[in-house]
Amino acid sequence: MRNILTLVVLGFVGFVLVAMFVAPTQPDLKAWYLKNACEHLDKVSAKICDPMRQNSGQAL
C-alpha cells in the first residue's frame, strides 16, 4: 500500500514539474496543459501555470 501511495505522489510531482519546466517550451504540451490541467493545478497553487500563461499571452 505504501508503494502505491509513493507512486501516486511521485506521479503528481512529475506532472507538476513537467507543467512548470517542460510544457512552456513545447507548444502542443503547453496547449494541452492550458486547456485541461491548469484549472485543476491552480487549485494547488496559482504559480504552477504562470510560465505557460506568460508565454501564451493569457491573463495571470
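## The aromatic cluster

Phe-15, Trp-32 and Tyr-33 are linked into a cluster by ring pairs. Rings of Phe, Tyr and Trp (its six-membered ring) pair if their centres lie within 6.5 Å. Planes under 30 degrees apart count as stacked, over 60 as edge-to-face, and the rest as tilted. This is a predicted model, where local features need pLDDT of at least 70, side-chain atom pairs count only at pLDDT 80 or more, and totals for chains, interfaces and linings use all residues. Residues are numbered from 1 along each chain as its sequence is written, and side-chain values use heavy atoms, with hydrogens and water left out.

The structure holds 3 aromatic pairs. One of them joins Phe-15 and Tyr-33. This pair is tilted, with 5.0 Å centre to centre and 35° between the planes. The pair links distant parts of the chain, 18 residues apart. Phe-15 sits in helix H1 (residues 2-22), and Tyr-33 sits in helix H2 (residues 27-44). Helices (H or I, at least four residues) are DSSP runs, numbered from the N terminus. Trp-32 and Tyr-33 form an edge-to-face pair, 5.3 Å centre to centre with 90° between the planes.

## Buried or partly exposed

Buried means under 20% relative accessible area, exposed means over 50%, and partly exposed is in between (1.4 Å probe, protein chains only). Tyr-33 is buried, at 2%. Phe-15 is partly exposed, at 30%. Trp-32 is also partly exposed, at 41%.

## The nonpolar core

Tyr-33 also belongs to the largest nonpolar core, which has 11 residues in all. A nonpolar core is a set of buried Ala, Val, Leu, Ile, Met, Phe, Trp, Tyr and Cys residues joined through side-chain atoms within 4.5 Å. Its members here include Val-16, Ala-19, Leu-34, Leu-41 and Met-52. H1 and H2 each supply at least two residues of this core. H2 gives the most, with 5 residues.

What is Ala-19 in contact with, leaving aside its neighbours within four places in sequence? The partners are Pro-24, Tyr-33, Leu-41, Ile-48 and Met-52. Contact means heavy atoms within 4.5 Å.

## The disulfide

The structure holds 1 disulfide (a pair of cysteine sulfur atoms within 2.5 Å). Cys-38 and Cys-49 form this link, with their sulfur atoms 2.2 Å apart. The link is left-handed, with -100° about the S-S bond.

Cys-38 lies in helix H2 and Cys-49 in the loop between H2 and helix H3 (50-56), so the pair ties together parts 11 residues apart in sequence. Cys-38 is buried at 1% relative accessibility. Cys-49 is buried at 0%. Cys-38 and Cys-49 are also members of the largest nonpolar core.
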